[in-house]
Amino acid sequence: MIFNKKSREIKRTRKIFNILELPKSSKIIDVSCGGGRLLKMIENQNADLELFGVDISPGYLAQNPELSNINFQTAPASSLPFPNHNFD
């Protein structure tokens, strides 16, 4: 059997979300999201979540225009463009 990094990441993401039992209306943020790979895996598991990705580099965010249901913003992690207590 061959295991690769991507399959381990997918299994880990599924396990985390099974433990969390988030309501469908949950808002999730990935700070320093890079190209959004983790958010895409989350979206594939549960399309009802509101997903937000923040990264300081606009180049990373531009890599994934097909992630249309994920809200990407360019900002440093130390100064997020969202109100406090906005995410689950």
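# Exercises on a predicted model

Strand β2 (residues 50-55) is mostly covered, as 5 of its 6 residues are buried (buried: under 20% relative accessible area; exposed: over 50%; partly exposed: in between; 1.4 Å probe, protein chains only). Helices (H or I, at least four residues) and strands (E, at least two) are DSSP runs, numbered from the N terminus. The model is predicted: local features need pLDDT of at least 70, side-chain atom pairs count only at pLDDT 80 or more, and totals for chains, interfaces and linings use all residues. Residues are numbered from 1 along each chain as its sequence is written, and side-chain values use heavy atoms, with hydrogens and water left out.

## Exercise 1: the strands

Task: Determine how many bridges join β1 to β2, and how many join β2 to β3.

Solution:
- Step 1. Two strands pair if DSSP finds at least two bridges between them.
- Step 2. Strands β1 and β2 run parallel and are joined by 5 bridges. Ile 29 has Phe 52 of β2 as its bridge partner.
- Step 3. From β1 the chain passes through α2 to β2, a β-α-β crossover that is right-handed (with the strands pointing away from the viewer, the path from the first strand over the helix to the second runs clockwise).
- Step 4. Strands β2 and β3 also run parallel, with 5 bridges between them. Val 54 has Gln 73 of β3 as its bridge partner.

## Exercise 2: the salt bridge

Task: Identify the residue with which Glu 43 forms a salt bridge, and state whether Glu 43 is buried or exposed.

Solution:
- Step 1. A salt bridge requires a side-chain nitrogen of Lys or Arg within 4 Å of a carboxyl oxygen of Asp or Glu. Side chains of opposite charge can pair when their charged atoms come close.
- Step 2. The structure holds 1 salt bridge. Glu 43 forms a salt bridge with Lys 40, and the closest N and O atoms are 3.2 Å apart.
- Step 3. Glu 43 and Lys 40 are separated by about one helical turn because they are 3 residues apart in helix α2.
- Step 4. Glu 43 counts as buried, at 10% relative accessibility, whereas Lys 40 is partly exposed, with a relative accessible area of 30%.

## Exercise 3: positive phi

Task: Locate Ser 32 and His 85 in the chain, and give the phi of Ser 32 and of His 85.

Solution:
- Step 1. Ser 32 is in the loop between β1 (27-31) and α2 (37-45). Although not a glycine, Ser 32 has a positive phi of about 65°.
- Step 2. Ser 32 is exposed, its relative accessible area being 54%.
- Step 3. His 85 lies in the segment after β3 (70-74). His 85 is not a glycine, yet has a positive phi of about 60°.
- Step 4. His 85 is exposed, with a relative accessible area of 83%.
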